[in-house]
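This briefing covers the fold of one protein chain, grouped by topic. Please have the sequence and the coordinates open while reading.

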Amino acid sequence: MPGSHSSLCIDSFYPETELKITEIQQDKKQILIRMKSISKKCKCPKCGCITDKYHGTYMRKVQDLPILGKRVQLEICSHEYKCMNNECDVMTIAETFDRFLNTYSRMTERCADFICTLALETSCEGCARICKALGIKISGDTVIRLLLKRYESLPVPEVGDVIGVDDFAYKKRHAYGTIIVNEKTHEPITLLDGRNAATLREWLRNHKNIKVVTRDRASTYAKVISEELPDAMQVADRFHLHQNLLEVIKKALNHELPATVSIPHVGQSTAIEEPCKKNRI
Ligand SMILES: [Zn+2]
């Protein structure tokens, strides 16, 4: 029907059991949403005790994801509680809103998720510029800090007993690193600075449980693995075997092909000689 429309309930985009929207204002560039906490209790982050001892209210200014091209700013009246555990040294507890907003964070978790995804696909500075165009205020340095914080909160990856080792370039001919991967889960375990034997040796010394190592065919890693893990099986990985095979085929063909190749033309008894260039494959 012409002119009909469906209404959008903005409350459903926020944790309704913890926050209540009190006011929404908008101008040409921004939507301001004021809300207040309706919590009655909170969990102490240190001792885990649940407390209902209200201590006070404070205002939090938080960025959220933009809506329809407008910047979204939240002003949240949030509660503070007191820990009731006499043996706990935490005095006041600023409440968190699980999976929506962390303590002291200046942006919602969904906003931080978006920024991290964008930064990983582009760069920290590039991400900051795109965010500015979308209506999210953040600097390149803050994007880096956000990524580091997310990385530190990740669970420590399982090392396992089958690993893969390879080098990679941060910048070719200048800076290299070594990556170690859990070959069963295909998850990266760690990145080491440099690609020399000493770096890998130190890491292997702390991981004597490893039984199988896949690697390239260079001698640097092979020697260290033999010395530190003499009982471990070393496997030349498929990627490097394939790469080596292609290099050998290329050399053999270059060697076997003549410097000039005769291409007979149709209806012409004599062939025309086409010079071949060196390194033609
Ligand atoms: Zn406590």
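Which residues have the most contacts inside the largest nonpolar core? They are I115, C127, A128, C131, I138 and V143, in a core of 21 residues. The model is predicted.

**Domains and cores**

- The domain assignment divides the protein into domain 1 (11-95), domain 2 (107-154) and domain 3 (162-236).
- Another core, apart from the largest one, has eleven residues, including I163, L204, I210 and Y221.
- Between the C-alpha centres of domain 2 and domain 3 there is a separation of 31 Å.
- Leaving out residues up to four places away in sequence, I115 touches C127, C131, I138, V143 and L146.

**Helix α2**

- Four residues of α2 are buried: C124, C127, A128 and C131.
- These residues lie on the same side of α2, because they cover an arc of only 100° around the axis.
- An α-helix has 3.6 residues a turn, so residues three or four places apart point the same way.
- R129, K132 and A133 sit on the other side of α2 and are exposed.
- The packing partners of the buried α2 residues are α1 and α3 (140-152).
- After α2 comes G135, which has a positive phi, near 105°.

- Strand β5 spans residues 53-67 and strand β6 spans residues 70-82; the two pair in the antiparallel sense, over twelve bridges.
- One of the pairings joins D64 to V72, its bridge partner in β6.
- Two residues separate β5 from β6 in this hairpin, and L68 in the turn has a positive phi of about 45°.

**Position of L68**

- L68 is located in the loop between β5 and β6.
- Is L68 buried or exposed? L68 is exposed, because 6 other C-beta atoms lie within 10 Å and a residue counts as exposed at 12 or fewer.
- L68 and L134 are 66 residues apart along the chain, and their C-alpha atoms are separated by 9.6 Å.

Definitions and conventions: Residues are numbered from 1 along each chain as its sequence is written. This is a predicted model: local features need pLDDT of at least 70, side-chain atom pairs count only at pLDDT 80 or more; totals for chains, interfaces and linings use all residues. Domain bounds come from an automatic or database domain assignment. Two strands pair if DSSP finds at least two bridges between them. A nonpolar core is a set of buried Ala, Val, Leu, Ile, Met, Phe, Trp, Tyr and Cys residues joined through C-beta atoms within 7 Å. A residue is buried if 20 or more other C-beta atoms lie within 10 Å of its own, exposed if 12 or fewer, and partly exposed in between; C-beta atoms are placed from the backbone. Two residues are in contact if their C-beta atoms, placed from the backbone, lie within 7 Å. The arc is that of the directions from the helix axis to the C-beta atoms.
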